[in-house]
Every structure is written in C-alpha cells, then in structure tokens.
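Thanks, everyone, for making the time.

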Amino acid sequence: MSQLTDEIARRRTFAIISHPDAGKTTLTEKLLLFGGAIHIAGAVKSNKIKKTATSDWMEIEKQRGISVATSVMGFEYDGYKINILDTPGHQDFAEDTYRTLTAVDSVIIVVDVAKGVEQQTRKLMEVCRMRNTPVIIFVNKLDREGRDPFDILDELEQELHIAVRPLSWPINIGAKFKGVYNIFERSLDLFTPDKQKVTERVEIDSLSDPRIDQAVGETDAAKLREDLELIEGVYPEFDVDDYLSGSVAPVFFGSALNTFGVKELLDCFVKIAPTPRAVTAEERTVEPAEEAFSGFVFKIHANMDPNHRSCIAFVKVCSGKFERNAPYRHIRSGKTLKFAAPTAFMAQKKSIVDEAFPGDIVGIPDTGNFKIGDTLTESETLHFKGLPSFSPEMFKYIENTDPMKSKQLEKGIQQLMDEGVAQLFTNQFNGRKIIGTVGQLQFEVIQYRLLHEYGAQCRWEPLSLYKACWIESDDQQALEAFKRRKHQFMATDREGRDVFLADSSYVLQMAQSDFPKIRFHFSSEF
Ligand code: G4P
C-alpha cells in the first residue's frame, strides 16, 4: 500500500454531539486521556457559554477563544490517528454544528440516561440522517439514577428514527451500578468510581462463567443473563455494514465522568468507524485515495484580537496529500495560493505541519480570502457540496446608526457572513438588509463584533418572519407570477438566489397549495 492509502486507513474523523450537559465535554476529555493527548482529567476547558449568560460579552469572547483551541483535537491511539471535531454546546450556534458535521465521517451521540433524548439531540440526528452519517450512541451517567436501559433503547429508536443495537449492557444503575458487560468483546468490566483511572476487567470465558456470579452476585448475574437473552432475541445480530450505512446505531452504556465504559466505546469505535469517505462535488465524486489534493473550508474562526483582522480557515482534506507551501488553486477566486504556516491540531496544541492527509483538518491563517464552503485543489475545478445554509429561525432588519461608518458596517457584515455567523438577505421590495440567525445570541455577537472589530454601529429592528425558503420552478412564468404576487416578501440571498420570506406557517402552506409549480426549499442546497 502507498503512504496515502495507509494514512487514510488509519484515520477516524468524527464529532461528539449532545444536548448541553449530557456529557460531551467530559467524554471528549476522557478520550483524549486514553490517547495520551492529555494527562490529567480537567484539562479540557468546558467550551460552553453558561445558559443564563446570553449577554455576557466576556463569555462570548471566552467561547471564541476556547473554541479555536479545542476546535479540532487530534491524537494517536493504537496506531489510529483520531480527529475529534468539537461542536459548540450552545444551541444558538447550531449552524456551526451543522457545518462541522459536513466535515466528519461519523458521529458519537451522548445521551443522559436520566433525561433520554432531548431536543437538540433530535435536531442534530436529523442532520446526520440527511447525510447517512454513521452514528454510535453513548448512554452516559449510569452512576446516577436513571431510566431502565430497555426503555432508553426504545426511546432512542422512536425519537431518533434509527434502529439501535446495544453493544454493551449495564449491570444495575445509580447507586447499585456494578459494571458493564461488553457484548462486542464478550468481556465484563467492573465499575470502580474513579475520575482518573481506568476500569478493572474480569476475564470470563462465556456468559455462564461462574466468575460473573462471584463478581456481581448471583441475583445480578442472573438478571444480566436474562437481559442479554432478551437482547439477542429482540435485536438482530450487529452488522457493521448497517452501522456504516447509517441504518443502525450501536449503543454503549457508561459514565464518562468516572471513565467507565469509555475504553470499550473507543476500542470498538476505532475498529468499526469509517475511514475518510468519498466527498461529492458538483462535478463528480472525489475519492480520498486520489493522488491530487483537494479540500474545503467548513469553518472560519476570527482572531480574538480586534486589531488584527485575521482568521483561521479550517480546511478538511478530502483527497491526496496536503503540503505546506505547495501552490493550490482557490476555486472561487481563481487565485493560486501558497500556505506557509498551516497548522495541525494535535492534542490541544497547534503546530505548523508540512503535510496532512484525507480526514485531517488544517488551520490556515487567512486575511480575508476564504469563505465557508470554498474549495481548494491542485488545479481541477471542483465545488464540494454539502454545506447548505439552512433557513434561519430568527430575523431582524439591520440598520446603520452611524452614517459616517457605513463602509465599515458594509465590510463588517460581509466578512461576518463569510465566516458564517449568520445569513444576509436583501429585501427585493425595499432594499433593506435582513439578518437571519438560529438564535438570539448571534444578534448580540454581530452587534458586538461590528463595533469592536469594525468600529461600526448598528441597531436591530424587529421583523416577524416564520421561515426563509429558497424557491425554484421549471416553469419560468409560474416563478415570475409568484414573485409578482409576493413581491413584498421576496428577498435575495448573498448568491443572488430568490428567497421567499414567509411570515407564518399558514402563509407558507397557502403559498405551497396556491402555487403547485413552485418548489420551496428549507436549505440552500437542493
Ligand atoms: P456537555 O459538554 O455535554 O454540556 O456536558 P459536560 O461534559 O460539561 O457535563 C455536564 C455535567 O455532567 C458536568 O457537571 C459533568 O461533570 C457531569 N457529568 C458528565 N458525565 C457524567 C457521569 O458519567 N456521571 C455523572 N454523575 N455526571 C457526569 P457540572 O456540575 O455541570 O460541571 P462540573 O462543575 O462538574 O464541570
């Protein structure tokens, strides 16, 4: 095998997603601990904005600072190169999370055993389903009282619309929690609550091994055998292809805080999780093992220092080998660019790298060349798909409050939109600019950053809208008729596409039934 195929085969690039507080940060940290990337627990700072602190600017600044440091965490484990892509915990940054999901090959979902499936988990799972992303579920906090594991499995299936298959099984829960039987490896791990150390493993030959009874007591051993019999009866044999196609999610149980069940998860993960997958461009499908380098920008992170308007563009390598100082073509501008200081993210350190392989993320210092979704190649014209804008959920008119600074405001808005902080629409009727976001916090971030980084002042004017839909039709006349009828509610996105602003779900339904020749889309890629 060539160096390239070797490197691809050992790469696992994934994201951990969860509803806030389910234990994503804790699990990430424990995985890094196993990878030797950090040496003590508590080293990964929580990257979440406190839920109450929506107007706390220090928190926002902190979030931006911390999230660049922990955006990508690479480490070596058992010969594998693992890249964990961090996603923001706060739901107002959901758009950021969606984009990060376009750069991963699989996902681990963390669910709190007491709370079950929560709202954000549901939403994120929808994005995974759209892309057929393979998913492993980790049911966390087994050291606390929680729900019956069978109930949790049912709920996961119903709420996440995916078949599940337990690959580990808990012996009791909460105060009586004794351990986890590893179905995947057919071994038994006993629980010793410890935040730093790894679990104690009991060697067993089979489920009837009396060592199980000795370890957990006869009653619990009998219950375990009964549960496992039920599992074998109810759930089909685990088939790795079903996992890889995104139709079955293996489930593990444990306690991230106590480092319990985490190694089982990691050991199974590296064996079954996909290597970097082929990526679809508008022109063709690009295989990772192709010799020529290609990659795309899925995230842009602004510098914290307002005096230096530089950014880091996060490039996911899709094919070939990325090399420092090699000339690459920036497809959108047609320019040839060379990168003298690309960084890789190993553990929590950033360091300059000479090369990177498919599945890796390189950070490229940038002074305004890049926009989210941009493609880089050796020469071929490619436009990678899969970075759609989703319909925002909140809308406001943005107004300039300092006429002397209208240029700065314009520039600030453009750059913040390039970074993907929010979406900009221009009303075709009155020419006013509308900013659409997924949460209130973005409006505050935009206003704050416009002032501090561009010296521009803005104010928001309320605008009550339900959704922005991208519209299209095969019938040009029907399209024109629709636009005439709805001219007050037509806007243009930054790419010049027509967007219909529906002010209520009723209006949208009526439009859909009155104009059957028009297709309404809730994301910009269709
Ligand atoms: P998040 O990134 O998904 O938002 O969750 P995070 O890891 O920050 O965990 C949320 C809270 O749940 C933390 O407590 C964390 O210590 C706790 N936790 C995580 N895993 C487990 C577990 O297996 N068992 C138990 N009992 N608790 C767990 P916190 O009090 O909010 O924060 P901290 O002060 O402990 O950091």
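Let me start with Asp418, which touches Ile300, Phe370, Lys371, Ile372 and Arg494, leaving aside residues up to four places away in sequence, where a contact means heavy atoms within 4.5 Å. Asp418 lies in helix α11, residues 406-418; helices here are DSSP runs of H or I with at least four residues, strands are runs of E with at least two, and both are numbered from the N terminus. Asp418 is buried, because its relative accessible area is 17% and buried means under 20%, with exposed over 50% and partly exposed in between, using a 1.4 Å probe and protein chains only.

Before going further, please keep in mind that this is a predicted model, in which local features need pLDDT of at least 70 and side-chain atom pairs count only at pLDDT 80 or more, whereas totals for chains, interfaces and linings use all residues. Residues are numbered from 1 along each chain as its sequence is written, and side-chain values use heavy atoms, with hydrogens and water left out.

Now the ligand. It is surrounded by 17 residues, of which the closest are Asp21, Thr25, Thr26, Asp143 and Ser255, a residue being counted if one of its heavy atoms lies within 4 Å. Helix α2, residues 24-34, gives the largest share of this shell, with 3 residues. As for polar contacts, meaning here pairs of N or O atoms within 3.5 Å, a polar side-chain atom of Arg144 lies 3.2 Å from a ligand nitrogen, while a polar backbone atom of Leu257 is 3.3 Å from a ligand oxygen. Taken alone, the ligand exposes 700 Å², and the protein buries 68% of that, by the Shrake-Rupley method with a 1.4 Å probe.

What about the interior? The largest nonpolar core has 67 residues, and Leu101, Ile137, Val139, Leu156 and Trp169 touch the most other members; such a core is a set of buried Ala, Val, Leu, Ile, Met, Phe, Trp, Tyr and Cys residues joined through side-chain atoms within 4.5 Å. Helix α6, residues 149-160, supplies the largest share of this core, 5 residues. Apart from it lies another core, of 30 residues, among them Phe34, Ile136, Cys268 and Phe269.

Finally, the whole chain has 14 helices and 31 strands, and of its 526 residues 57% count as buried.

Methods
Polar contact = N/O pair within 3.5 Å; in protein donor to acceptor, adjacent residues only side chain to side chain.
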